[in-house]
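Colleague: I have a new model open and could use a guide. Can we walk through it together?
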Amino acid sequence: EARRGAAAARNCGILAARGRTIAFTDADSVVEAGWLAALVAPLGDRSVGASGGRILSCEPCNRIERFGERIHDQQRAIELEEHPYVASGNWASRREVLLEVGLFDPALLRGQDVDLAWRIHKAGYRLVYAPDAIVRHRNERTIRGLMHEGFVHGLHGARLLAKHGHARSRKRRRLRRALGGLVREDDLVNGVLAMLFDVGKVTGQLV
């Protein structure tokens, strides 16, 4: 692929594909049995523009890797977020829908899946969670890796919000959430990990 990046690579695959349905996972993921059938099932409804399945940690895993399941929580992303999205690590759409809204944006180094999902949703399609479509993802396993992941989310997320006109500052709210994580969490370890991830994210937003 002459143009580098995940977005350009995925677009190349979409344009070369001959099938009516496109499914994605990532190079650092392994799909479980029955993944594809469960993931594409919701697309029988023409009002559905994209479906997303569960993203769990590869086994065996430590506490940091297990916490990564919260970061990649597709149910929350699809059903609870103010601006719902699907992560491309576990995504399926009809090819015609992807072509209609303009494919992945190669100008974005990260968050291309969120950007495309927002455009699909804005076009009037529904995003649906498929809990039985499971992939196992190699999550970050160190504190440094977790904070770096938060930093990258914050850095590229700020650019993504600006592109879609959702650029109001959430830094103070996120920082309060980070500092309050120890109090709200039933589990102290998860509270510390949530705080570290959010501090990394706030730092990325500030940069």
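Modeller: Start at His-72. Leaving aside neighbours within four places in sequence, His-72 is in contact with Ile-55, His-137, Asn-139 and Glu-149. Keep in mind that this is a predicted model.

Colleague: Where is His-72 found?

Modeller: His-72 is in the loop between α3 and α4, and α4 covers residues 74-79.

Colleague: Is His-72 buried or exposed?

Modeller: Buried. The relative accessibility of His-72 is 16%, and the cut-off for buried is under 20%.

Colleague: What lies 3.0 Å from a polar atom of the His-72 side chain?

Modeller: The backbone oxygen of Gly-68.

Colleague: Let's zoom out. How many helices and strands does the protein have?

Modeller: It has 9 helices and 5 strands. From the N terminus on, the order is α-β-β-α-β-α-α-β-α-α-β-α-α-α.

Colleague: What percentage of the residues count as buried?

Modeller: Of the 207 residues, 47% count as buried.

Colleague: And what share of the contacts with a separation of 6 or more comes from residues 24 or more positions apart?

Modeller: That share is 76%.

Colleague: Back to α3. Which of its residues are buried?

Modeller: Ile-64, Glu-65, Phe-67, Gly-68, Glu-69 and Ile-71 are buried in α3.

Colleague: What covers them?

Modeller: The cover includes strand β3 (48-57) and the helices α4, α7 and α9 (188-206).

Colleague: Take α7. At what angle do the axes of α3 and α7 cross?

Modeller: At roughly 15°. Helix α3 spans residues 63-71, helix α7 spans residues 143-163, and their axes come within 10 Å. So α3 is roughly parallel to α7, since angles under 35 degrees count that way. The crossing of α3 past α7 is right-handed.

Colleague: Which residues make the contact?

Modeller: From α3, Ile-64, Phe-67 and Ile-71. From α7, Ile-143, Leu-146, Glu-149 and His-153. By type, the contact residues divide into 5 nonpolar, 1 polar and 1 charged.

Colleague: Why do residues three or four places apart point the same way in a helix?

Modeller: An α-helix has 3.6 residues a turn, so residues with that spacing point the same way.

Colleague: Now α9. At what angle do the axes of α3 and α9 cross?

Modeller: They cross at roughly 65° and come within 10 Å. This crossing is right-handed. Arg-63, Ile-64, Phe-67, Arg-70 and Ile-71 of α3 meet Val-189, Asn-190, Leu-193, Ala-194 and Phe-197 of α9. The residues of this contact split into 7 nonpolar, 1 polar and 2 charged.

Colleague: What caps the N-terminal end of α3?

Modeller: Asn-62 does. A side-chain oxygen of Asn-62 lies 3.0 Å from the backbone nitrogen of Ile-64.

Colleague: Which residue other than glycine has a positive phi?

Modeller: Leu-103 is one, with phi near 60°. As background, most residues other than glycine have a negative phi, and most peptide bonds are trans. Leu-103 is in the loop between α5 (95-101) and α6 (112-122). At 11% relative accessibility, Leu-103 counts as buried.

Colleague: What touches Leu-116, neighbours within four places aside?

Modeller: Leu-103 again, along with Trp-91, Leu-98, Val-101 and Phe-104. Leu-116 belongs to helix α6. Its relative accessibility is 0%, so Leu-116 counts as buried.

Colleague: Last stop, Ser-51. Is it buried or exposed?

Modeller: Buried, with a relative accessible area of 0%. Ser-51 is in strand β3.

Colleague: Which backbone oxygen lies 2.5 Å from a polar atom of its side chain?

Modeller: The one of Leu-39. Not counting residues up to four places away in sequence, Ser-51 touches Leu-39, Pro-42, Leu-43, Val-86, Asn-90, Trp-91, Ala-92 and Val-128.

How values were computed:
Residues numbered from 1 in each chain as written. Predicted model: local features only at pLDDT ≥ 70, side-chain atom pairs only at ≥ 80, totals over all residues. Heavy atoms only, no water. Axes fitted to C-alpha atoms, helices over the stretch in contact; angles between N-to-C directions. Helix = DSSP H or I, 4+ residues; strand = E, 2+ residues; numbered from the N terminus. Parallel < 35°, antiparallel > 145°, perpendicular 65-115°, else oblique. Left-handed = near helix turned anticlockwise from the far one by under 90°. Contact = heavy atoms within 4.5 Å. Nonpolar A, V, L, I, M, F, W, Y, C, P; charged D, E, K, R; others polar. Buried < 20%, exposed > 50% of the residue type's maximum accessible area, 1.4 Å probe, protein only. Polar contact = N/O pair within 3.5 Å; in protein donor to acceptor, adjacent residues only side chain to side chain.
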